[in-house]
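Let's work through a few exercises together. Have the model open beside you and try each task before reading its solution.

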Amino acid sequence: MAERVVQGEGRVVLAATPIGNLGDASPRLRELLETADVIAAEDTRRLHRLVQGLGVTVSGRVISYHEHNERERAEELLEFVAEGQTILVVSDAGMPAVSDPGFRLVSAAVDAGVLVTAVPGPSAVLTALALSGLPTDRFTFEGFLPRKSGERLGTLRELAQERRTMVFFEAPHRLEVMLTALREVFGPDRQAAVCRELTKTYEEVIRGSLDELVAWAASGEVRGEIAVVVGGAGEPEPSRPEDHIEAVSALTAEGLRLKEAVAVVAEAQGVSKRDLYQAVLAARS
């Protein structure tokens with residue numbers, strides 16, 4: 001059944017494109033590339049290579065839609081939709097709007113009451129997660145870390161206690177620096193996986209501790225598109241009354257009575273008031 005809609009029923013379609021292997025292109029993607037009125041492509045040259053590789057012919061108008069012009073393009077694209085046209089949005093690889101242009105258009109389309117739908121397909125995030133060997137029941141996608149060292153470390157410190165599996169993207173020439181930063185903040189024993197060239201001829205998944213992965217990355221030149229999957233933080237150590245004696249002492253030094261100080265600290269730290277009180281008395285004696 002053809003994907004083209006009739007006049008007056010314009011829509012925005014986000015379509016996932018292959019992340020490496022052209023064989024992963026869906027029949028719906030092929031059909032929409034041939035029939036969409038407008039194709040908004042992150043890189044028109046890569047779109048040209050894609051349609052050539054798939055052996056399909058584009059009949060609609062092709063326009064560039066990337067991170068530097070997506071805010072301005074959104075209004076133009078919605079005007080096409082208002083005329084009843086189908087707008088196909090494609091990124092260089094994977095699903096648009098996921099670490100790629102598309103979010104601003106979707107947001108504007110939703111605000112305008114425009115139909116937005118998707119053609120699902122390849123995803124580097126989900127492929128790396130599935131191949132990592134790390135827990136997949138709960139995860140978070142963090143995209144690219146900041147390039148500046150201070151900002152990168154600050155972001156990682158915010159994630160240090162994240163319990164879910166984390167998925168990152170990284171450029172191959174910055175991989176060793178990124179893994180070193182991960183090791184510094186998360187610790188050398190945190191388990192992770194480096195997934196490169198997913199679905200391509202030289203696909204490779206390197207699994208191990210962050211310490212092992214830093215050594216691997218430093219041993220030779222790493223090439224290709226990279227996704228890094230990192231295991232979440234383990235269960236936090238249970239809080240002990242003895243750990244909070246100093247906090248009680250600080251409050252009593254400010255004039256609070258011992259029992260009041262114990263009550264405040266116990267509630268804040270989730271420990272037994274009785275056990276904390278006894279620990280303070282034992283320390284004083």
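**Exercise 1. Across which strands does helix H2 lie, and at what angle does helix H2 run to S3?**

Step 1: In this predicted model, helix H2 (residues 44–54) lies across S2, S3 and S4. Helices (H or I, at least four residues) and strands (E, at least two) are DSSP runs, numbered from the N terminus.

Step 2: Helix H2 runs at about 140° to S3. Axes are lines fitted to C-alpha atoms, for helices over the stretch in contact (heavy atoms within 4.5 Å), and angles run from 0 to 180 degrees between N-to-C directions.

Step 3: Now find helix H4 (residues 103–111), which lies across strand S1 (11–15), S4 and S5 and runs at about 150° to S1.

**Exercise 2. What is the strand order of the open sheet, and which are its edge strands?**

Step 1: The five strands follow the order S3-S2-S4-S1-S5, with parallel pairing. Two strands pair if DSSP finds at least two bridges between them.

Step 2: Strand S3 (61–64) and strand S5 (115–119) are the edges, each pairing on one side only. From one strand to the next, the twist averages 25°.

Step 3: Ala 40 has Val 89 in S4 as its bridge partner.

**Exercise 3. How do the axes of H9 and H11 cross, and which residues meet?**

Step 1: The axes of H9 (residues 245–253) and H11 (residues 273–284) come within 10 Å and cross at roughly 80°. H9 is therefore roughly perpendicular to H11 (angles under 35 degrees count as roughly parallel, over 145 as roughly antiparallel, 65 to 115 as roughly perpendicular and the rest as oblique).

Step 2: Ile 245, Val 248 and Thr 252 of H9 meet Leu 276, Ala 279, Val 280, Ala 283 and Arg 284 of H11.

**Exercise 4. How do the axes of H9 and H10 cross?**

Step 1: The axes of H9 and H10 (residues 258–269) come within 9 Å, crossing at roughly 135°, so the two helices are oblique to each other.

Step 2: On the H9 side, Ala 247, Val 248, Leu 251 and Thr 252 take part; on the H10 side, Leu 258, Ala 261, Val 262, Val 264 and Val 265.

**Reading notes.** Residues are numbered from 1 along each chain as its sequence is written.

Key
Predicted model: local features only at pLDDT ≥ 70, side-chain atom pairs only at ≥ 80, totals over all residues. Heavy atoms only, no water.
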